[in-house]
Amino acid sequence: MDFALSEEQSAIFDMAHAFGQEHIAPFAQEWEAAGTIPRELWTTIAELGFGGIYVSEESGGTGLSRLDATLVFEALSMACPSVAAFLSIHNMCARMIDAYGSDDLKERYLDKAISMETVFSYCLTEPGSGSDAAALKTRAENLNDEWQLTGNKAFISGGGYSDAYIVMARTGDFGAKGISAIVLDDGTEGLSFGGLEAKMGWKAQPTRQVQMDAAKAPLGNLLGEEGKGFKYAMAGLDGGRLNISACSLGGAQAALDATVQYMSERKAFGQSLDQFQALQFKLADMEIEMQAARTFLRQAAWKLDQGAHDATKFCAMAKAFVTEVSSRVADECLQLHGGYGYLADYGIEKIVRDLRVHRILEGTNEIMRLITARSMVAK
């Protein structure tokens with residue numbers, strides 16, 4: 001068993017890390033205060049191939065594996081988990097278009113998604129259907145040779161900011177098999193947005209409700225086959241769970257690195273904090289957990305790349321484990337900073353806030369345990 005990254009994978013991580021430290025980290029708190037991410041960042045990041053990370057090379061994408069992608073998101077999250085997570089959402093949408101879109105849909109949307117001239121958001125969750133996503137009520141009807149969508153989506157990262165939305169809507173009967181995926185352009189008549197949500201973390205990402213009142217889309221904007229939208233949405237979530245785990249890992253690693261540095265400089269009772277054995281044990285525990293989480297994440301990503309029969313289970317387990325470890329580590333790093341950790345200037349409290357939502361989105365960690373248990377019982 002070879003646990004080492006290849007030379008190419010190390011180069012991918014280093015490139016993403018260097019980009020994040022130069023173009024994201026110095027501005028992360030400024031963007032958080034502004035509540036938005038400058039659009040020019042995306043076109044710059046797309047020049048590295050990060051607008052179509054796992055879009056196939058045949059379609060003009062970078063064609064990286066899921067394991068490679070976790071390296072990108074871990075590295076970028078060391079600069080800002082909120083920015084990296086938004087990029088993950090866009091890439092999930094680009095991958096869906098590449099995997100399921102018609103030739104016409106790809107021609108109209110994919111190149112612009114890869115260049116991030118068109119930024120995408122993913123619209124599944126509704127005010128009344130979170131974990132029970134298949135109970136969604138947004139409806140799309142074929143009227144006058146076009147789709148007309150009516151309903152509300154909640155907690156949408158990029159709501160009112162993105163250029164296009166992949167909307168899961170009901171085109172058939174109740175249940176998962178009645179759901180289709182439709183691409184909806186910003187500026188469409190009947191499409192509007194709720195107020196900017198005030199959030200605990202991820203503040204750089206504009207988050208709003210996406211509201212549709214007979215919002216119109218061409219019939220050709222159907223993604224894949226009618227009635228298969230929920231299947232497409234769920235297929236994207238395995239990779240999304242890996243990405244959000246990687247974002248947690250990167251944020252926690254940044255907090256841990258900053259804490260080791262802080263403890264070498266901060267003195268108490270005549271010596272630096274890193275010389276106290278009790279505090280050294282805390283550092284050791286965090287390092288052990290982080291390395292375990294990183295190994296688990298990469299194993300799950302490898303399984304997804306290999307098409308393993310238990311890949312979904314491993315993605316769910318890794319998501320629960322890595323996000324919880326990372327939150328614990330970030331919180332302990334804040335504690336080790338003392339009062340300074342509570343101040344925005346040190347950046348630790350932002351990481352704590354940003355990572356908290358990772359235990360909720362892409363399927364709550366309770367649902368991850370349900371997926372795991374059901375897989376065990378089914379045997």
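Is Tyr 165 buried or exposed, and what is its relative accessible area? Tyr 165 is buried, at 0%, where buried means under 20% relative accessible area, exposed over 50% and partly exposed in between (1.4 Å probe, protein chains only).

The model is predicted: local features need pLDDT of at least 70, side-chain atom pairs count only at pLDDT 80 or more, and totals for chains, interfaces and linings use all residues. Residues are numbered from 1 along each chain as its sequence is written, and side-chain values use heavy atoms, with hydrogens and water left out.

**View 1. The whole protein, with 11 helices and 10 strands.** Helices (H or I, at least four residues) and strands (E, at least two) are DSSP runs, numbered from the N terminus. The C-alpha trace spans about 80 × 50 × 40 Å along its principal axes. Of the 379 residues, 54% count as buried. Contact means heavy atoms within 4.5 Å. Among contacts between residues at least 6 apart in sequence, 74% join residues at least 24 apart.

View 2. Leaving aside residues up to four places away in sequence, Ser 77 touches Ala 84, Ala 246, Cys 247, Gly 250 and Gly 251.

**View 3. The aromatic pair of Tyr 165 and Phe 193.** A search of the whole structure finds 11 aromatic pairs. Rings of Phe, Tyr and Trp (its six-membered ring) pair if their centres lie within 6.5 Å; planes under 30 degrees apart count as stacked, over 60 as edge-to-face and the rest as tilted. The pair of Tyr 165 and Phe 193 is tilted, with 5.7 Å centre to centre and 40 degrees between the planes. Tyr 165 lies in strand E4 (residues 164-170) and Phe 193 in strand E6 (residues 191-193), so the pair ties together parts that are 28 residues apart in sequence. Phe 193 is partly exposed, because its relative accessibility is 25%.

**View 4. The aromatic pair of Phe 296 and Phe 314.** The ring centres of Phe 296 and Phe 314 are 6.3 Å apart and the planes stand at 85 degrees, so this pair is edge-to-face. The pair links distant parts of the chain, 18 residues apart: Phe 296 belongs to helix H8 (residues 277-306) and Phe 314 to helix H9 (residues 311-336). Phe 296 is buried at 19% relative accessible area, and Phe 314 is buried at 14%.

**View 5. Phe 3, in the segment before helix H1 (7-23).** Phe 3 counts as exposed because its relative accessibility is 60%. The C-alpha atoms of Phe 3 and Thr 295 are separated by 8.2 Å, while the two residues are 292 residues apart along the chain.

**View 6. Asp 145 and its positive phi.** Most residues other than glycine have a negative phi. Asp 145 is not a glycine, yet has a positive phi of about 60 degrees. Asp 145 sits in the loop between strand E2 (139-143) and strand E3 (146-157). With a relative accessible area of 63%, Asp 145 is exposed.

**View 7. Glu 362 and its positive phi.** Glu 362, also not a glycine, has a positive phi of about 60 degrees. The loop holding Glu 362 runs between helix H10 (348-356) and helix H11 (365-378). Glu 362 counts as buried, at 13% relative accessibility.
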